[in-house]
Amino acid sequence: MPSAAHTFTSSNRATQITDVACGSGRLGIPHGLVAMAAHNSVGVYEPHGQGTKSRVRTLKAHTDSVIAVAFIRRQMSNQGATPEEAAIVSASADKTLRVWKLVSRKVSTDAAKKKESTNSGWICSAMLEGHTAPVNALAVMKGRRMPSLGGKDLIVSAATDGTARIWERRELDTENDEVTCMQVIKTGPRYALAAALGVLPNTDIPILFLGGCDNMISVYIRSDSQFTKMLSLQGHTDWVRNLDVATFTAGKNASAIPGLLDGDLMIASASQDKYVRLWKVSEGGLGAAAESAAVDRVGGLVSAKDETKVDADISEFNDAIEMLEALVGDEGEGGRQLSTKAHIIEVVVDNIKRKYTVMFDALLIGHEDWVHSIAWAPPIIKDGMYHQKLEIVSASADKCVTVWRPDSGHVWSPDVRLGEVGGQNSFGFYGARFGPNSDWILAHGYHGAVQFWGRHMTESGETWKPIPGLSGHYSSVEDIAWNETGDFLISSSLDQTSRLWGEWRQSGKSEVSWHEIARPQIHGYDLHCLAMVHKYGFVSGADEKVIRVFEASKTFLESLQNISGIVESQEVYKERPIGASVPALGLSNKAILPGAAIDTNAQLIFEPMAPDVVQGPPLEQYLIQHTLWPEVNKLYGHGYELISIAASHDGKFVASSSKAAVYDHAVIRVWSTSNWKESQIPLSSHSSTVTSIQFSHNDKYILSCGRDRMWSLFEAAEDGTFKLTVANAAHARIIWGCSWSHDDKYFGTASRDKTVKIWNRELATTNADAALTIKLECSVTSIAFSPRFHQHSNGSNVYLVAVGHEDGSIQIMSVRETGTGLISTVAEVGDMLYLPVEDCPGAAVKKLAWRPRDGEWVLASASEDHSVRIYSF
């Protein structure tokens, strides 16, 4: 059965797109599992898993970008256990929410039942419809005490349609859920951007917090299955971007933290005003605890529900508030930075009226730009009891991930700062979360990488060290290519980067993992195509109309040896630059030679790798600054954006095409790599954009296809130039891709007309009909012949053909010769017709490429869903 060896993808640009399972796994979801939003899919990943557990699996059902992800948690017991994760809920720009469950059932191998045969555990158990605009915020129950609600789970969603919806989820069976919308809360045009759901202290009554474009936090309390707005918390002077709640646990020392009592609900809010605010909900009115808080620290209360003044005995506290407001600056409506109000709300519990105080608790100052997210540390079991650590992690546009902790006087301060210095990530971080037991932190930023830091305790104290994380393109991946020996894969994307993926072979471990090990090109234009010219050199094309030529640096080859175990002779290392840098306002990777001075004004400055860094995959900060390949040439000639490029297998020629709307521009330019000049007049045949170019394996032919629904075949003449041999309007729609068989006897074309056609090269000049036409259920966007024959069960040799579809599915077919022609059958690799749905992309497959290596079957794919995937068979 084919399986994904690795999926390279990125996180979406939103605040609430990651969550971590911190339970023990009693309900089936593994401890430490990370859920993340990746394009229109939900990615699940075990950061410290072994083998297949450490691979990203993608859950696909949404039709647009996923904006928020959260685990649905349940309380297994009141005091002696932390909440357990029961399912995942995701919210999307497609205006829907989805619930995902991990089920245990056998995988069918019946090709006639495609959906059943591809299910490997995760299923979409429910779809929540009702919003009329993208859903941008989620909330699920959190805290020490979670009401059972009759076996139902409470979910809150907020959307840009100016509403928040309250949902109740009930499990019907192991694979299906029933979700009912219980209430629609109208938030108005200043819609909610963040939501948090907790429980009033010492009750089973849910309390909801909504923060958003009105700079305030609205508080709702549920009664008779309906939430009622009780008050609005003022203080922030810009949009509230994120909210999180936790239950304070005093433990054995009930007076350890001034002003906080066991069971108090703590709320953290992050805002674009650069501040984090802490609030608390306590049982009772303005009692001794509140007065103690007012005296002991900045925070607190000044008025009750009717906003009457507090007695003059705390006038000194008011003076302190005014001084601190002057310190942080009076901004926003009313000039309030620190709210000096406490609110008392009355709630009927078991026919008895109870009073609760909602009040400001602390202001966290330390970030220098928007604070995008805030998260409490996950609860743990301490002395056999539920215990909430007083730790907060925040992520900001100032490139910092900050861990906050209070001292014995409950004064909060930044205790740890993590993040990046320099590089491409100029927009900082969008979100951060603790792992189980707060042993590690993950953070995601503007460019999609998910970074990890691990906590280490030493004799000198606590230290945090970076851990290899997840990286991937953050826009459509347009092209991929293996080097000639299959040692690594290079991809190009509309995110303006080319990335290199290779194997990490750790000493003492038999299993091999794949990682991004270099970023050869970081450009200023969207990249559309690339081709390997030789083992350590490639060409790329972009919107800038220029073809750029790159050669690997000496440091990359040394790093590749340490990471992948690929050893080269000294001749290969000879006279290579040690790296490259991009000057300020420049686009070219300038070579850095040994002993040469480094331009301190360069935008990206390369520094040679330290020996202790190259033993494993480079970290994100290293990738974006120190792994560029030197640029050795530029090729000018095309008048429009580059679309396709190919290189001959002997490395002597490069062929390229650009965007075109008329015959004169729809040409293929052929370049000689000996002098990097055009070797002949442009090849003309097409009347519109040429979408794909392929050299035959013997380099005697150039095959092209295009938007004009036609393929063309050019043959090398005795003088070394290529001449048009035949052109065929073969399909009814655009031809997206073409590919040669390994023996050059056949070539295939893939079209939007939902067909794949196989052509006999020798007969194509005289016969306009395809040797084989394969009709499929979906538009075909890519095709790739395998690099060698596959042994059929009957002993005959067959061609394997990989086909990528517009819906993201990937199909493997075998094609064999008979006395009367070609016959297409299901590939006999694992008796599978389609690759598992969870391993396939969530959008159109742009390119497929088989690894050119004997003894194994490895296929790589590039997709519009921003992913690069590598499959092994």
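Figure 1. Across the protein, the mean pLDDT is 86, and 85% of the residues reach 70 or more. Among the elements, helix α2 (residues 288-296) has the lowest mean pLDDT, 40, while strand β49 (residues 690-695) has the highest, 98.

A quick note on reading these views: residues are numbered from 1 along each chain as its sequence is written, and side-chain values use heavy atoms, with hydrogens and water left out. Since this is a predicted model, local features need pLDDT of at least 70 and side-chain atom pairs count only at pLDDT 80 or more, while totals for chains, interfaces and linings use all residues.

Figure 2. Of the 873 residues, 60% are buried, where buried means under 20% relative accessible area, exposed means over 50%, and partly exposed is in between (1.4 Å probe, protein chains only). Take the contacts with a separation of 6 or more: 56% of them link residues 24 or more positions apart.

**Figure 3. K757, a buried lysine without a salt bridge.** Look for K757 in strand β55 (residues 755-760). Its nearest side chain of opposite charge is D753, 5.4 Å away; Lys and Arg count as positive, Asp and Glu as negative, and His and the chain ends are not counted. A salt bridge would need a side-chain nitrogen of Lys or Arg within 4 Å of a carboxyl oxygen of Asp or Glu. What K757 does have is a polar side-chain atom 2.7 Å from the backbone oxygen of A730. Leaving aside neighbours within four places in sequence, K757 also contacts other residues, including H731, F747 and L772.

**Figure 4. S658 and its partner H638.** S658 sits in strand β45 (residues 653-658). Buried or exposed? S658 counts as buried because its relative accessibility is 3%. Its side chain makes a polar contact with the side chain of H638 at 3.4 Å. (A polar contact is a pair of N or O atoms within 3.5 Å; within protein, one must be able to donate a hydrogen and the other to accept it, and residues adjacent in sequence count only if both atoms are side-chain atoms.) Not counting residues up to four places away, S658 also touches Y640, H665 and V690, among others.

**Figure 5. The β31-β32 hairpin.** Strands β31 (residues 450-458) and β32 (residues 461-470) run antiparallel, joined by eight bridges. Two strands pair if DSSP finds at least two bridges between them. Two residues lie between β31 and β32, and M457 has E462 in β32 as its bridge partner.

**Figure 6. Helix α4 and its cover.** In α4 (residues 554-564), the buried residues include F556, L560 and I563. Elements covering the buried residues include β34 (488-493), β36 (513-522) and α5 (570-573). After α4 comes G565, with a positive phi near 75°.

Key:
Helices (H or I, at least four residues) and strands (E, at least two) are DSSP runs, numbered from the N terminus. Contact means heavy atoms within 4.5 Å. pLDDT is the predictor's confidence in each residue, from 0 to 100.
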